[in-house]
Amino acid sequence: MSTLKICLVSSEIAPFAKTGGLADVSEAFGRYLSAQHHDIRLIMPFYAAIDTRNYQFYPVEYALNCEIQMGSKHYTYHMYTTQLPGTDAAVYLVHCPELYARPSLYTNDADEPIRFALLNRAAIELCQRMNWAPHIFHLNDWQTALIPVYLKTLYSWDGLFHNTKTLLTIHNIGYQGSFGADVINDLGLNTYYTYFDASDLYHGRLNFLRTGIRHAHKLSTVSETYAREIQTADYGEGLHKDLQNRSEDLVGILNGVDYQQWDPQKDNLIPYTYSVHNLRGKNLNKRFLLKKMGLSYDRSIPVIGMITRLAEQKGIALLRGTLELILAQYNVRFIVLGAGEESYEQFLHYIQSSFPEKAVFFKGYDYPLSHLIEAGSDIFVMPSKYEPCGLNQIYSLKYGTIPVVRKTGGLADTVQPYDWRTGQGTGFVFEHYTQSGLQWALEYALSTYAHKNVWKKLIRRAMLQNFSWEEQIHKYVELYTRMLPGKIK
Ligand code: ADP
């Protein structure tokens with residue numbers, strides 16, 4: 001296989017900076033592409049939150065004191081580099097405290113568009129300084145979506161990028177980078193306003209993601225179903241027409257998961273490991289989990305688990321009413337780990353206080369506990385309103401924790417509906433975003449759980465599903481290769 005030169009630009013890369021799945025996906029690209037001997041270089045901001053004690057960052061001698069004019073503002077930045085831990089991939093970080101020394105990765109500050117526009121330009125200029133022509137600029141979400149326009153405008157003079165193609169991956173269309181149109185000056189693009197959507201500009205707005213969708217050579221998103229959904233008014237968040245116009249260039253490729261971290265056979269964050277051939281440990285984890293949560297254990301009582309951001313996207317609203325009903329009518333345990341919107345937190349506190357013997361709400365973000373919940377629950381619930389890919393349902397399959405999901409996005413692509421007539425399927429899938437849909441699926445799961453042998457078969461089938469990164473990265477390599485004009489050198 002020929003070596004591909006990939007410049008991946010992302011606003012988060014694990015383990016350096018993470019607020020969500022994007023960081024893990026970016027890290028996986030670095031890990032798996034470098035393992036396949038591709039020349040992958042990753043670029044991200046040097047946020048103040050990055051831990052500088054545990055990782056060594058080295059100044060890039062040919063990229064220090066870089067000056068850049070962003071409209072009326074002038075910035076100086078330095079590039080630092082480090083190795084992505086455990087890989088051969090180089091990560092480059094744009095050090096510009098004026099923009100990135102903030103309490104959080106993302107802000108509502110007035111210069112938010114400038115913070116990421118500078119990342120876009122610094123990525124291009126670093127390639128220039130390295131005299132390195134990537135085959136592909138792989139961009140992720142709105143924060144990197146202006147690179148195609150910059151390449152076509154401010155940097156079009158540079159023959160270095162003559163054969164470079166751009167791929168924009170949409171991880172969640174709910175976040176678009178929509179700002180007042182006056183920022184166009186500070187982007188340095190005021191003379192190139194025709195590259196932006198005329199209607200947006202007319203309404204005094206400018207949308208990074210829409211602009212990227214229009215100008216990237218290819219587009220991808222993180223599941224096939226989500227690729228179809230975002231071309232509809234219901235899911236497109238106002239961008240569906242732009243995506244329809246690009247439908248021939250839009251593909252869905254499911255994210256992979258890291259089975260080094262998420263495999264009950266070798267997971268050192270759970271007290272009892274287990275495998276598809278020996279499920280004993282699963283039940284011991286269940287007992288351990290219940291004890292830890294202060295709930296009583298009975299092997300025959302099903303445990304329903306949930307780990308989630310408490311956001312509208314995750315379908316928490318559907319739990320209202322449904323959860324009370326299930327907890328009142330069935331002998332079950334319900335354990336939810338999550339943090340987010342206050343109204344949802346209040347609702348879950350209310351559930352816990354209404355059913356103290358059956359339900360626990362653990363508020364917060366707790367990585368080790370998330371492993372224990374996966375291992376110790378029988379059923380995992382994920383009733384998302386929309387779900388670009390979703391990871392927890394995939395972890396759940398691996399841990400034999402049968403998912404109850406709504407048929408949307410990556411949930412639809414990873415969980416096959418169980419059908420008691422054929423005995424096939426890996427989870428319980430409801431279609432419509434309604435409380436009765438969720439109730440139906442939960443009751444179906446609970447009644448199936450009562451049949452021990454049937455459930456065991458279901459567990460085994462779920463645990464044998466494979467959504468590893470190796471497979472998925474291969475699909476991206478094929479996509480990159482298809483994008484190139486001729487044979488790569
Ligand atoms: P999203 O990125 O939309 O939040 P995903 O399912 O793609 O949803 O990924 C979420 C990741 O974050 C999963 O690995 C999940 O286990 C983890 N996670 C979410 N909330 C918590 C929490 N409160 N504690 C620990 N891990 C969490």
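The ligand is surrounded by 17 residues, and the closest are R309, K314, G364, D366 and L391; a residue counts as near a molecule or strand if one of its heavy atoms lies within 4 Å of it. Before the details: this is a predicted model, where local features need pLDDT of at least 70, side-chain atom pairs count only at pLDDT 80 or more, and totals for chains, interfaces and linings use all residues. Residues are numbered from 1 along each chain as its sequence is written, and side-chain values use heavy atoms, with hydrogens and water left out.

Now the polar pairs at the ligand. In the side chain of K314, an N or O atom is 2.9 Å from a ligand oxygen. At G364, a polar backbone atom is 2.8 Å from a ligand nitrogen. For L391 the backbone is again involved, with an N or O atom 2.9 Å from a ligand oxygen.

Next, the sheet. Six strands form an open sheet in the order 15-14-13-16-17-18, with parallel pairing. Strands (E, at least two residues) and helices (H or I, at least four) are DSSP runs, numbered from the N terminus, and two strands pair if DSSP finds at least two bridges between them. Strand 15 (359–363) and strand 18 (428–430) are the edges; each has a single partner strand, so one side of each lacks a neighbour in the sheet. On average, neighbouring strands of this sheet are turned by 15 degrees against each other, direction ignored; axes are lines fitted to C-alpha atoms, for helices over the stretch in contact, and angles run from 0 to 180 degrees between N-to-C directions.

Helix 9 (residues 280–293) packs on this sheet, touching strand 13, strand 14 (333–340) and strand 15, and makes about 65 degrees with strand 14. Contact here means heavy atoms within 4.5 Å. Helix 11 (residues 342–354) lies across strand 13, strand 14 and strand 15, at about 145 degrees to strand 15.

Elsewhere, strand 4 (residues 66–70) has a covered face of C66, I68 and M70, and an uncovered one of E67 and Q69. Strand 4 pairs with strand 5 (residues 73–83) in the antiparallel sense over five bridges. The two form a hairpin with two residues between them, and G71 in the turn has a positive phi of about 60 degrees.

Terms used:
A polar contact is a pair of N or O atoms within 3.5 Å; within protein, one must be able to donate a hydrogen and the other to accept it, and residues adjacent in sequence count only if both atoms are side-chain atoms. Buried means under 20% relative accessible area, exposed over 50%, partly exposed in between (1.4 Å probe, protein chains only).
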